[in-house]
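Work through the exercises below with the sequence and the 3D structure side by side. Try each task before you read its solution.

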Amino acid sequence: MLATLRSIAEAVSQQADLNSALGCFVQMVKDAMQTQCCSIYFADYSQDNFVLMATQGLNPDAVGKFRIGFTEGLVGLVAQREEPINIAFAKSHPRFKLSPEVNEEGYNAFLSVPVVHQKKVLGVIVVQQKLARVFSPDEESFLITLSAQLASQLAHAEIKEILRVDEFSHQTSVLKGVSSAPGIAIGEAFVVIPKLDFTSIELQKDDDISAQRKLFTQAVAATRNEFNTLSMTLSDSIPQEALAVFDVYQQLLDAKSLGQNVEAQLQQGWSAKSALKIVIEKLVSQFNAMQDPYIKERAVDVKDIGLRVLHHLVNTEHAAKPYPKDTILIASTLTPAMLAEVPKGHLAGVVSVNGAANSHASILTRAMGIPAIWGIEDVPLLQFEGKPMILDAYAGRLYISPSQVLHEEYSQLKYQETLLNDRFFAEQSLEAVTRDGEHISLLLNAGLELNTEHDNKPFCDGVGLYRTEAWFMQKGQFPSQSDQETWYREVLTSYHPNPVVMRTLDIGGDKVLDYFNITEENPFLGWRGIRVTLDHPELFLDQLRAMLKANIGLGNLKIMLPMISGSEEVDESLKLLEQAYFELSEQYPEQAIERPEVGVMLEVPSSVFMLEEWSQKVDFCSVGSNDLTQYMLAVDRSNARVAELFNPYHPSVLRVLLKIAQECHQHELPFSLCGELGGDPEGALLLIAMGYRSLSMNYSSISKIKFVLRRLNVSDMEKLLAECLMQPTAKHVLRLTRNFMIEHQLGELFYTPSQGQS
């Protein structure tokens with residue numbers, strides 16, 4: 001059965017369009033289950049009904065025409081229950097609805113399962129048989145497994161079809177994602193070449209056969225050179241007979257093999273990429289159908305060769321591709337390097353298929369003030385290349401090839417957004433003080449934008465979190481103590497006399513050094529933060545000595561330890577800091593080496609219950625609300641599949657944050673918060689109500705938070721907090737905070753432009 005499942009999934013994925021995919025699907029399922037009828041219905045939410053999309057056994061003339069309501073018949077019941085129905089006599093069921101137009105009168109046995117993707121019912125699969133019988137548990141399990149495996153493929157195919165139809169009819173397509181950095185971007189798509197597979201290639205025609213032939217010829221030549229290089233590299237390390245595989249590869253690239261087949265497709269008007277896709281997928285399918293195991297294995301070789309040629313094809317097309325003036329960067333998974341490659345002033349917005357709104361790459365886009373959405377449907381990215389787009393990062397929507405009317409409306413909304421930001425910036429040099437006179441210290445989360453952050457000194461009260469790992473991530477090896485000292489001195493001097501809280505090296509999780517790769521099955525619960533540096537005291541001591549030496553004559557350094565979970569880690573870290581201090585004092589007796597204040601980050605749930613002990617060991621603490629929320633809710637914050645579950649407004653998270661504030665007050669331990677929650681106006685006012693008087697955030701949030709705080713009383717925030725702490729869900733909390741903002745004439749901060757477009 002497993003082989004059958006794989007063959008069906010592979011065959012469906014190779015189809016050029018949705019109708020072909022569904023036709024292939026119902027035929028293969030019917031054959032595999034040896035039944036007399038297989039049909040698939042798709043949900044049409046615009047009309048609240050299901051439409052028959054493909055069938056083998058029912059009236060073929062009803063395909064695309066026959067519809068049945070969401071609450072009608074056995075098909076509707078399967079969707080409502082979201083579970084299988086398996087009955088011997090379908091007509092005996094009270095929900096059975098006779099539909100003469102589909103010619104199903106002769107069928108009795110009925111087995112149906114829903115097709116569900118990301119909690120949404122996409123459709124229903126039905127198999128039927130004239131013989132009255134209950135389908136076996138194995139048959140039912142087979143269909144359920146098949147539905148689960150193909151749900152994402154069918155969703156993928158459906159979106160591709162919508163995009164194709166919309167492009168042909170010049171209609172606007174809309175994709176939904178998770179909002180990350182808010183804002184509106186209007187520009188042109190620039191696709192970062194994804195990890196290539198033939199599923200990422202959309203079949204397209206091209207009239208310039210000569211140009212496409214040249215592209216293909218160049219790609220084949222580049223692939224030949226690649227194989228020659230590989231063969232020479234391996235010639236000394238593997239037997240000569242094993243190298244013969246490269247000769248086979250070269251033969252497959254010959255004009256009589258791959259070349260002629262691709263040429264035939266080019267003559268039919270297909271682009272080079274499309275022609276290659278058609279030929280390779282056909283060859284792979286033919287090899288897989290063979291009974292001889294040796295011949296069957298050749299399918300892997302053919303696919304490998306095809307992918308190598310495809311890679312060179314796409315690289316050739318992208319080699320001289322300039323970044324548009326208003327670039328909307330689209331990537332499979334965004335990395336900081338991708339952002340850095342866009343020329344300054346050209347980046348308007350970011351869209352990432354994978355990742356989530358709370359990953360570190362996402363935090364970087366917020367620090368840059370670039371609108372971004374994450375976790376959009378997995379579609380062929382190259383299909384977006386060069387298309388005009390509108391990115392609504394308030395509602396997480398991406399409009400592809402927008403109409404002129406939509407373009408004008410969003411241009412006006414973007415103008416209004418600019419006016420609002422101007423109001424924020426007009427007050428950025430004022431004090432962050434509430435209406436009832438409570439001063440709030442607003443600090444900067446720094447270290448991401450290494451070249452521009454020093455300009456922000458006049459508008460903040462110092463740096464509450466300096467991410468030292470950012471320097472390490474830009475290098476090809478661990479930086480020397482001297483290099484680190486230079487960097488840290490520059491930062492400390494830039495913000496002097498305001499404090500700078502430097503976090504010691506915090507790598508692991510989704511923060512990786514190219515030259516110190518950490519591969520783990522569960523990196524967020526693995527070797528990261530202080531765990532890495534305590535296992536490598538030579539690295540830790542280098543960094544501590546560099547910090548202490550950079551602080552000579554300035555005295556505004558504070559050191560913060562990340563991912564602390566137990567007292568042993570605190571004790572060992574302090575011991576190494578003391579060692580670094582004495583070594584420097586002996587080395588530079590004429591210099592006045594200071595002992596800086598040392599604090600811990602509260603990110604691990606265990607740390608919340610250690611504050612009494614730690615208050616006797618450290619000078620301050622700072623809540624890392626991003627990781628604390630992740631660990632409290634057991635949600636990987638970089639995983640798009642569970643992105644909706646990551647919510648710092650969850651009642652349990654709010655109650656823990658309150659407990660931290662109360663404990664720190666009780667033990668007279670200075671505390672702050674340096675997570676993303678503090679840069680959110682609603683989060684800031686709840687934190688202030690809890691007793692937080694020091695918040696650290698991205699520069700783009702500081703002026704907005706000042707604007708909000710100067711218009712509110714702490715006493716009103718405290719009343720709101722009391723209500724929020726009694727709520728059962730994050731949705732209830734956010735409803736209260738939104739209403740509060742509206743009541744205090746701050747509703748314009750949360751106006752969602754796309755509400756007017758939906």
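**Exercise 1.** Over which ring does the charged end of Lys-558 sit, and how far from its centre?

*Solution.* In this predicted model, local features need pLDDT of at least 70 and side-chain atom pairs count only at pLDDT 80 or more, while totals for chains, interfaces and linings use all residues. Residues are numbered from 1 along each chain as its sequence is written, and side-chain values use heavy atoms, with hydrogens and water left out. A charge is said to sit over a ring if NZ of Lys or CZ of Arg is within 6 Å of the ring centre and within 35 degrees of the ring normal. For Lys-558 the ring is that of Phe-620, and the distance to the ring centre is 5.5 Å. Lys-549 has such a place over the ring of Tyr-588, 4.7 Å from its centre.

**Exercise 2.** Describe the aromatic pair of Tyr-399 and Tyr-410, and state which parts of the chain it ties together.

*Solution.* Rings of Phe, Tyr and Trp (its six-membered ring) pair if their centres lie within 6.5 Å, and planes under 30 degrees apart count as stacked, over 60 as edge-to-face and the rest as tilted. The whole structure holds 10 aromatic pairs. In one of them, Tyr-399 and Tyr-410 are 5.5 Å apart from centre to centre with 50° between the planes, which is a tilted arrangement. Next, locate both residues: because Tyr-399 belongs to strand S14 (residues 397–400) and Tyr-410 to helix H12 (residues 404–426), the pair ties together parts that are 11 residues apart in sequence. Helices (H or I, at least four residues) and strands (E, at least two) are DSSP runs, numbered from the N terminus. Finally, consider burial, where buried means under 20% relative accessible area, exposed over 50%, and partly exposed in between (1.4 Å probe, protein chains only). Tyr-399 is buried at 4%, and Tyr-410 is buried at 0%.

**Exercise 3.** Which strands stand at the edges of the open sheet of 6 strands?

*Solution.* Begin with the strand order, which is S3-S2-S1-S6-S5-S4, with antiparallel pairing; two strands pair if DSSP finds at least two bridges between them. Strand S3 (67–69) and strand S4 (85–87) are the edge strands, and each has a single partner strand, so one side of each is left without a neighbour in the sheet. Then look at S4 and strand S5 (residues 109–117), which run antiparallel and are joined by 3 bridges. Here Ile-85 stands opposite Ser-112 in S5.
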